[in-house]
Protein chains: 4
Amino acid sequence: MPMKNGGQYTERINNNMAHVWLSGEQVKGPLSEHRAFKGLMATQSSMYDMQCEQAWISKMSYPSPLTGDPVGLSFLQPKTKKDLAARREMMQAWTSKHYGFMGRSPDYMNTALMAYSAASGLLEESNPQFAFNLQNYYAYCRDHDITLSHVFVQPRASRIPNICQMFDLPEPARIVDKNNEGIVIQGTFLLDTQGVTSDEILVFPVAPPSELEENPHAFAFAVPSNWPGITFLCRESFVGGESSFNYPLSSRFEEMDTLVFFDHVVVPWDRVFICGDAHVASRFFEDSHFYIHTGAQIIGKNIAKTEFLLGTIENLIDVAGMENHAQVIEKVAEVIVALETLKALQIAAEKKASRDRWGSMLPDQNALLTASVYYPKIYPRLIEIIQLIGASTLIMIPDERDFQSEIKELILDSMKTVHLNAQQNVQLSRLAWELSVSAFGGRQTVYERFFFGNAAIVNNRLYNGYQGGESFKQRVKDFLYGGNE
Amino acid sequence: MPMKNGGQYTERINNNMAHVWLSGEQVKGPLSEHRAFKGLMATQSSMYDMQCEQAWISKMSYPSPLTGDPVGLSFLQPKTKKDLAARREMMQAWTSKHYGFMGRSPDYMNTALMAYSAASGLLEESNPQFAFNLQNYYAYCRDHDITLSHVFVQPRASRIPNICQMFDLPEPARIVDKNNEGIVIQGTFLLDTQGVTSDEILVFPVAPPSELEENPHAFAFAVPSNWPGITFLCRESFVGGESSFNYPLSSRFEEMDTLVFFDHVVVPWDRVFICGDAHVASRFFEDSHFYIHTGAQIIGKNIAKTEFLLGTIENLIDVAGMENHAQVIEKVAEVIVALETLKALQIAAEKKASRDRWGSMLPDQNALLTASVYYPKIYPRLIEIIQLIGASTLIMIPDERDFQSEIKELILDSMKTVHLNAQQNVQLSRLAWELSVSAFGGRQTVYERFFFGNAAIVNNRLYNGYQGGESFKQRVKDFLYGGNE
Amino acid sequence: MPMKNGGQYTERINNNMAHVWLSGEQVKGPLSEHRAFKGLMATQSSMYDMQCEQAWISKMSYPSPLTGDPVGLSFLQPKTKKDLAARREMMQAWTSKHYGFMGRSPDYMNTALMAYSAASGLLEESNPQFAFNLQNYYAYCRDHDITLSHVFVQPRASRIPNICQMFDLPEPARIVDKNNEGIVIQGTFLLDTQGVTSDEILVFPVAPPSELEENPHAFAFAVPSNWPGITFLCRESFVGGESSFNYPLSSRFEEMDTLVFFDHVVVPWDRVFICGDAHVASRFFEDSHFYIHTGAQIIGKNIAKTEFLLGTIENLIDVAGMENHAQVIEKVAEVIVALETLKALQIAAEKKASRDRWGSMLPDQNALLTASVYYPKIYPRLIEIIQLIGASTLIMIPDERDFQSEIKELILDSMKTVHLNAQQNVQLSRLAWELSVSAFGGRQTVYERFFFGNAAIVNNRLYNGYQGGESFKQRVKDFLYGGNE
Amino acid sequence: MPMKNGGQYTERINNNMAHVWLSGEQVKGPLSEHRAFKGLMATQSSMYDMQCEQAWISKMSYPSPLTGDPVGLSFLQPKTKKDLAARREMMQAWTSKHYGFMGRSPDYMNTALMAYSAASGLLEESNPQFAFNLQNYYAYCRDHDITLSHVFVQPRASRIPNICQMFDLPEPARIVDKNNEGIVIQGTFLLDTQGVTSDEILVFPVAPPSELEENPHAFAFAVPSNWPGITFLCRESFVGGESSFNYPLSSRFEEMDTLVFFDHVVVPWDRVFICGDAHVASRFFEDSHFYIHTGAQIIGKNIAKTEFLLGTIENLIDVAGMENHAQVIEKVAEVIVALETLKALQIAAEKKASRDRWGSMLPDQNALLTASVYYPKIYPRLIEIIQLIGASTLIMIPDERDFQSEIKELILDSMKTVHLNAQQNVQLSRLAWELSVSAFGGRQTVYERFFFGNAAIVNNRLYNGYQGGESFKQRVKDFLYGGNE
């Protein structure tokens, strides 16, 4: 199967049968019918259908270099600015299905894998076989339209090996054995978003230091999600319910996060990309331009999300009749500034793109790392603006079922507004509530805050990777000291 | 029954049987066993028990001037600074049960009613009977320990009578008839918090303007919650579940908000306080010093809540081992500044209290209106700080039931920390999650933002009521112009 | 004289001899030798020299359509994106002389006049002669390289004619007579920046309302700065001194602001553009796309300025050895975000440019109005960051003369750093001081805050002119209500 | 001379004749007639006069325990809450002369010296003679009303001895010799505010580490400002001019900052308080409660300053006629919140005061350290609010001399407002300009930002000194875990 449709996606996930636990019980039966996964899988299914539709296939695919079959365009290594534009348009098309609420829309991991594979040359130094494995795995995923998740963060308590032993805390994930079959992995990873609704899992931890020459914590590999020894533990589901009237967002876009336990998992050699080489592991994220390539995907998602928030806010203002209030205009202007800033950074990133050492047409790093610092700060403010404009209409909201009850006339009468009937008004309030008050909305806010690490990490990445800063420093020196430095 | 205990409170509410709808169904059977009200009522019951306990009764009651029986101290009209201190200590004692999470802890409405009654002289001008009714009603509530809720806000669409008619929108609440029995009320009110778990409801709307001499929108009265013609519609319950492990806050402190419909409700004359006199109605809030007296109750609640947040944050920092990180210290310092500011304003309000025209010892208006502007701004920031410090530990949290499952060993091992075992660690995370991510937490944030109106309203109240500002203006004039003005 | 050089600029201003008052005395003698104007005029002179230099002339000029002589490129009406790029490059070249500190670099007014003239069609409706006058005046300024200033704001007290009469306040500027020669103007204008160092003055007030059919407050015209009846009153000069060591900025870039009094000034008919038609006057700013065309000039200036601030901050960090401090990196990251945002908006504005009804290639309004809301907010923060990083080195700074005094050895020894000798270190401190502490810096901050009006005004302009917002609103409606609206 | 008057103060300073350099020249002749010091000394003189006035002497003095003569009340070690109140009232009385603009009003150093002396017991451990010296010096200053300045910060480049040697940078201040006469000091200190206009200088550096047992950088002593070997270098004077019309603040309150060079300064043994004992030196600041005692003085100064800012803002709003603008009210409300917060913290600090180990009645640490974190953040915002409300009236301001010029009628007419004549209006603008735009105002802002160290330092001091935090942490644990911890 080259590019898959929604039915194929669903079937594969349902057949996958990973070991999944939720609220103290093991999840059994088809995931696509489980309350916690149903809506998300339906949305994702519609995305895979879309890419196979006649109207979209040419815009959303390209011929596989191996087979000639159409494969997902987000797997394409961009070599020209035209490629970048095509990738952007494809990914934007998908946002018409998820409006930016899915941080793990499949194009994200497709892009990540493309970035790693393009930089597989880095692995050659330590082990050419690993480089080959990675390229091979990329081709496999591309040509089979594999839905992928990834993990790289470990529980805080297990990040420093020495302390773990001292306090009898869990050790960080590590290679506990190597044998003919492959490497054997033991450990726990945090926050595998959509781990359960993906075909495979890519594991690539930030390796804690080790005194050994071969660092047992330094590795990277990929296996199917249902591989022996892997167990997923879900957090509480934030799906409010199946009603898209009551829960317009969580009934469609709730991406489950999981803890993943690896208990003596045997990873076959041909799926190993890094093994023991901490130096290569630590350079790989930066040198593969992972943050830049995925940054181009993320900014598109964030534009879609911000447009959705702006649209929501404009509807709230209409209902409240506050379109002339200076304090409301001030807040909408903030939202517009955020949106136009993202759009401009997206344009600039493409316009100033240049070829990197791996032959990729790389979007501008300054623009995209700027976006990665900017969005985690501005997203919570956008949600705050919804609270400030929505006020009490975010709290006192009827339920869809109230409109079928005996007292429905009371509600139909008292909740109507100049522009909307009572049901529409309530639907809008429920949307604003899901965005800014509900657990689904709360998780979205936390997720955006920490998407690429905490503030110190993203600031550092921007500051240390900033290109051109030296020239401004020198300009000021020239201004002050002329030639006499 | 003078001061009641928890059992009496519960029995009375259960017997009350108001008309309540929730998620399309009428609520039947005892409220104290209903999932949405159970935890809250248990907490409230423990508060009423506390005031009757031997160890507390003398600190939490005073003898009724009518009967000599002990009645709740929050009904006491303060005449001295000692009274203020006694009231403060009583209300603080109750926060040991609700930690500031209950905006409608009974002392709030007890205080409000006391303030109104003390100012009943204002009503004498238009109608001495109404003044008498109000004093009488206050005495009745005090001597029977009536649990009260109140409403004053109406749906936005019905605030301007002319527009309502033009667009066929619901008219604002109004007196539709007057007869021998009393006045007849038609209309809808927003956001009656704890309406369903109170004995009676006090109705006192902000009256829209009218061209009639007797403004039909200007009225005030109180009736039992189960009075004929009254219907309550609940919002979705934010009780996550009964487990106090999973939902330490919402299983105990979730105060339901309701829409209240009045359909030809006949209010007996002896329960009417204002009828048609828009002038008196509009002055009553300010002139009764409602915002100052209740402000003294609120600041105590907010101190308790902020102490709880600070304690939570300190525990999170311990778990994360970040007590030396400058960026963490900066944030905790913000929380400390907020807490010490509130505590100082509370002290100042009492220290600068003075007698008002109603014979009350009135806490300092400058200090308490300052707090009413300050807390709605700072509370969301405190919650943001929990998100910033909690980070991913707010998302990937197991459930109590996971600790009873087959995979419990995996969790027990991987979630433990230097200071806490896995369960304690998870409990702390669930608390932080309820505060900063869940719908319960989201509603608390919106509630604090708009407690006494939006920012423009509370700013105005502070600015226009500010005492002493003229002297600073004059001081600068003297400095600049000397005597030559 | 087509395009002029620095000598010609200086000679013309010196010969102009306007009526100028400063600190209670009339300014006499050549302005270019006066302490308050000397440095600015030298900088401006170097800019005019630059455009005539062999290396630059082709990039900075184009042939006059009338004479074929080279004229300043900032006068060019852009008709293609190439024109926009050429204009941008020309204006950026000039920033190498003023680093963005001159809000009235000549390209600003050249651009403004171009925008007005391109839209002269608007004036045809009321009076074709006025349209002709405006085009003619534009051609005259372009072909003679006239340095222009402009005024449009009046003293606050004189904005509402009725109130002025009631309190005997100054009336707003008005046409007091019309005769054969022209119109006669009486009134006062605020804040003519560089009025004294320009050849001519363009007057185009925001007209207060009038009950008369011909509104006497609605007019627009241009006259030479030394025209009879015009008097300029300067504010205090913020030139710290002539030493570019002590005052690297104010010794070069201090643009004087003036109050301008018009006392029975007779404006010849051929210099009148609007006379009495308040409707045309009020539409002209928006419809001529004044804010968009000048917005493209301003964003270039602001980029240059922000680069200069970033360079300064990077030098301060080097001196302090704080390049690894998280709290410093956080602040520099903010500056980088600001700079990259501006650069991206500039790129987007050009990329999304489109032809307007006047035949101009108009940069994207969304992007440039976004910048006009953004910069007034972020500039003060950038200056604050200089204070936060500079700390005490902004206060305790020696003077150039101290390095020639008897105690110079003490200073040379104690003020040196790892990277800079004592003098260089002091120069850097003086620069940071001028930016963030001095009156020159303070005026720059206030200027940026209010460049295109206060926050309410620029927010309104963005909100009401925002293109595309409807589609986001509709998208949310489609999402919520499907086709059933 | 016990408590001195203004004439005595002036005479003593004029006779002192320290070695002072300003702008490359040595300052000669009486300081009280020098443009840079005149206004400040006149203000300070009026303060010393005030304390000797009949109406004030009893409120501003107490009898010296040694002589019985009246001495300044700010020297009093408080032993009761009444003492604290008396001290507060005395210091507040002095703010009627300086309105909080003098960071080195004499009560600041009087209080500091009192705090040190009260804690002289700390010095007993290492050397009883030093303890005696300190008590003796305190008594001397008190009984002779010595005006004192102090230094403790050194140039950044000289803070780390090892690096200094590596890069040939200036070494930190140190004891270079000890002999019969005393200790010999070599080094440079930053930012001795009012060093030149004080009688003596107290030197107490933060000692860099040393490998020697007796750390040569650890010392404390006091000497007269004109002592052999001491040289003061002034920064540029920010006195705008002598006109109090033009420069209402800087003509009166400009406190000069200086660099102080010590070149083989011999400090007599009886003026040495610490010599080589780094341990004692490092504990002395905290253990003497320096930050708490001076914190009580500072909060009074900051209240006076904030009242002055609020008064200024209220006058600006009157002139602008904006008292009903929501966006203005929002900003004034911020100022009121700041002022009431400070006032409440002052009340709380006194109310919760308690006896410390030195027998002092110590104001509450939580409240005063909170103020020390709060004010550096809020002061810049208050100044920003002046910019936002003042807008263009902060830029285009005439000069006093313009009102005597030929064009004065133009100004008198055009600058008048409903409430103020033109001169009063201009005076108000000049005041707002000095506060928010001028170098005097800029230096005040930087000074407030860093009064007690940068944000990290003051946050740390609050966080680590916070009393009671443990109980909140425990309360949350009890809530979560009950007794099962």
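Before the first sheet comes up, one term: two strands count as paired if DSSP finds at least two bridges between them. Strands of a sheet pair through backbone hydrogen bonds, and the pairing can be parallel or antiparallel.

For chain A the average pLDDT is 95, and 98% of the residues reach at least 70. Where pLDDT is low, the predicted coordinates should not be read in detail.

Now the sheet. In chain A, 4 strands make an open sheet, and the order across it is β5-β8-β9-β12, with mixed pairing. Which strands are at the edges? They are β5, residues 148-151, and β12, residues 272-275, both of chain A, and each of them pairs on one side only. On average, neighbouring strands in this sheet are turned by 20° against each other, if direction is ignored.

Helix α7 of chain A, residues 128-144, packs on that sheet. The helix touches β5, β9 and β12 of chain A, and its direction makes about 145° with that of β12(A). Look at one pair of strands in detail. Strand β9 of chain A, residues 219-224, runs antiparallel to β12(A), and 3 bridges join the two. At one position, A:Phe219 has A:Cys275 in β12(A) as its bridge partner.

Further along the chain there is an annotation. An unreviewed UniProt entry lists residues 281-480 of chain A as "domain: HpaB/PvcC/4-BUDH C-terminal". In the model this span is 72% helix and 2% strand, and its end C-alpha atoms are 44 Å apart.

Next, how the chains are arranged. Take chain B and chain A: a rotation of 180°, with 0.0 Å of shift along the axis, superposes chain B on chain A with an RMSD of 0.0 Å. The C-alpha of chain B nearest that axis belongs to B:Ala439, at 2.6 Å. Of the contact residues of chain B, 100% recur in chain A, and the same surface serves both copies.

Chain D and chain B give a second case. Chain D can be laid on chain B by a turn of 180° and a shift of 0.0 Å along the axis, with an RMSD of 0.0 Å. That is the relation of a two-fold axis. Here D:Ala344 has the C-alpha of chain D nearest the axis, 2.5 Å from it.

How many residues of chain D are in contact with chain B? There are 47, and they touch 48 residues of chain B. On the chain D side, α11, α12, α13, α15, α17 and α18 each supply at least two residues. Helix α12(D) gives the most, with 15 residues. Because 100% of the interface residues of chain D are also interface residues in chain B, the copies meet through the same surface.

Last item: helix α16 of chain D, residues 439-449. Is this helix largely enclosed or largely open? Of its 11 residues, 9 are buried, so the helix is largely enclosed by the rest of the structure. Among the buried ones are D:Ala439, D:Phe440, D:Arg443 and D:Arg449. What do the buried residues of α16(D) pack against? Part of the answer is in chain C, with α13, α15 and α16. The other part is in chain D, with α9, α13 and α15.

Terms used
Residues numbered from 1 in each chain as written. Chains lettered and ligands numbered in written order. Predicted model: local features only at pLDDT ≥ 70, side-chain atom pairs only at ≥ 80, totals over all residues. Least-squares fit on C-alpha atoms with pLDDT ≥ 70 in both. Contact = placed C-beta atoms within 7 Å. Axes fitted to C-alpha atoms, helices over the stretch in contact; angles between N-to-C directions. UniProt positions renumbered as here; feature names shortened; annotations may be inferred. pLDDT = per-residue confidence, 0-100. Buried ≥ 20, exposed ≤ 12 C-beta atoms within 10 Å, placed from the backbone.
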